[in-house]
Amino acid sequence: MIELRNVSVKYPGTNHPALSSINLTFNEGEFVCILGKSGAGKSTLIRCMNGLQKPSEGEIYWNGQALSKKNEEQKRHVRREMGMIFQHYNLVPRLTVIQNVLTGMFGYRNTFKNLIGWFTKEEIEQAKQVIDDVGLTDFAERRVERLSGGQKQRVGIARALIQQPRVFLGDEPVASLDPGTSNHIFSLLKELHERHQLLTLINVHDVTLAKRYATRIIALKNGKLIFDGKPGDFTEDLYDETYGADKKTVLSR
Ligand SMILES: Nc1ncnc2c1ncn2[C@@H]1O[C@H](COP(=O)(O)OP(=O)(O)O)[C@@H](O)[C@H]1O
Ligand SMILES: [Mg+2]
């Protein structure tokens, strides 16, 4: 479904590549957790996959077609199939849950309609449905600024879900949440992954969560792939290699 062939990214003005010669293939039905300490290249990898970051070398294929050969309209189409979830939610605090969720439809609609904020009955029904799906039925009309962190992330997930994506991409979606709430969010992501057969790719710091939910773990270090395999095969030694001297810091998060 998504294939990275020999992908490297070097940001202008930096000495070391953020990603070095990455080769990876992701298929439908996988729930992949990407591990690595800060600066390892996790966000860069996610941004490459949804076409927001152009590789300096190599190529990314979406269903066998090279992303670099697509025009802007075709890239937008690919991006619509990828629901993004962020650490800081990227919601509009003063808008209600349902209004925030409806902004997820923007990719599907023309600008004029977006500007006047007019949505069809069907779109509003769809929004209510995804709000139900993430367990926020009673909060649809509440302003996002009045929600807890976990509830905000549920709104983020609903907004991604309304796009009817085939892929869920999460850039540290639980990094600002407590362990219990993080577990609930992962459990929801797993449920949606199974129900919609989504390819799910998530950057996460918490190895316990990765081992509990992932079907596959990937670890990055200094932009290089140092592990790609089953959660059960991610050993203590690999953990040490991934997090190096920061182990204590990571464990205390
Ligand atoms: N826009 C940028 N310009 C320059 N360097 C960047 C930029 N974004 C990330 N980097 C660098 O690229 C490396 C990988 O960053 P990132 O992908 O954000 O890692 P992670 O998400 O694992 O923390 C880091 O060394 C970071 O400083
Ligand atoms: Mg990051």
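Predicted model: local features only at pLDDT ≥ 70, side-chain atom pairs only at ≥ 80, totals over all residues.
1. Domains. The protein is split into two parts. Domain 1 covers 1-81 together with 165-253, and domain 2 covers 85-164. The C-alpha centres of domain 1 and domain 2 are 24 Å apart.

2. Contact between the domains. On one side, 17 residues of domain 1 take part, and they touch 16 residues of domain 2. Three elements each supply at least two residues to the domain 1 side: α2 (72-80), β7 (167-171) and α7. Of these, α7 gives the most, with five residues. By class, the domain 1 residues that touch domain 2 are eight nonpolar, four polar and five charged.

3. Helix α6 and helix α7. Two packed helices are described by the angle between their axes and the distance between those axes. Helix α6 spans residues 149-161 and helix α7 spans residues 179-196. Their axes are 10 Å apart and meet at an angle of about 20°. Angles under 35 degrees count as roughly parallel, so α6 and α7 are roughly parallel to each other. The crossing of α6 past α7 is right-handed.

4. Residues in the helix contact. From α6, the contact uses G149, G150, Q153, R154, I157 and L161. From α7, it uses T181, H184, I185, L188 and L192. Sorted by class, the contact of α6 with α7 has five nonpolar residues, five polar residues and one charged residue.

Conventions: Residues numbered from 1 in each chain as written. Chains lettered and ligands numbered in written order. Axes fitted to C-alpha atoms, helices over the stretch in contact; angles between N-to-C directions. Helix = DSSP H or I, 4+ residues; strand = E, 2+ residues; numbered from the N terminus. Parallel < 35°, antiparallel > 145°, perpendicular 65-115°, else oblique. Left-handed = near helix turned anticlockwise from the far one by under 90°. Contact = placed C-beta atoms within 7 Å. Nonpolar A, V, L, I, M, F, W, Y, C, P; charged D, E, K, R; others polar. Domains from an automatic or database assignment.
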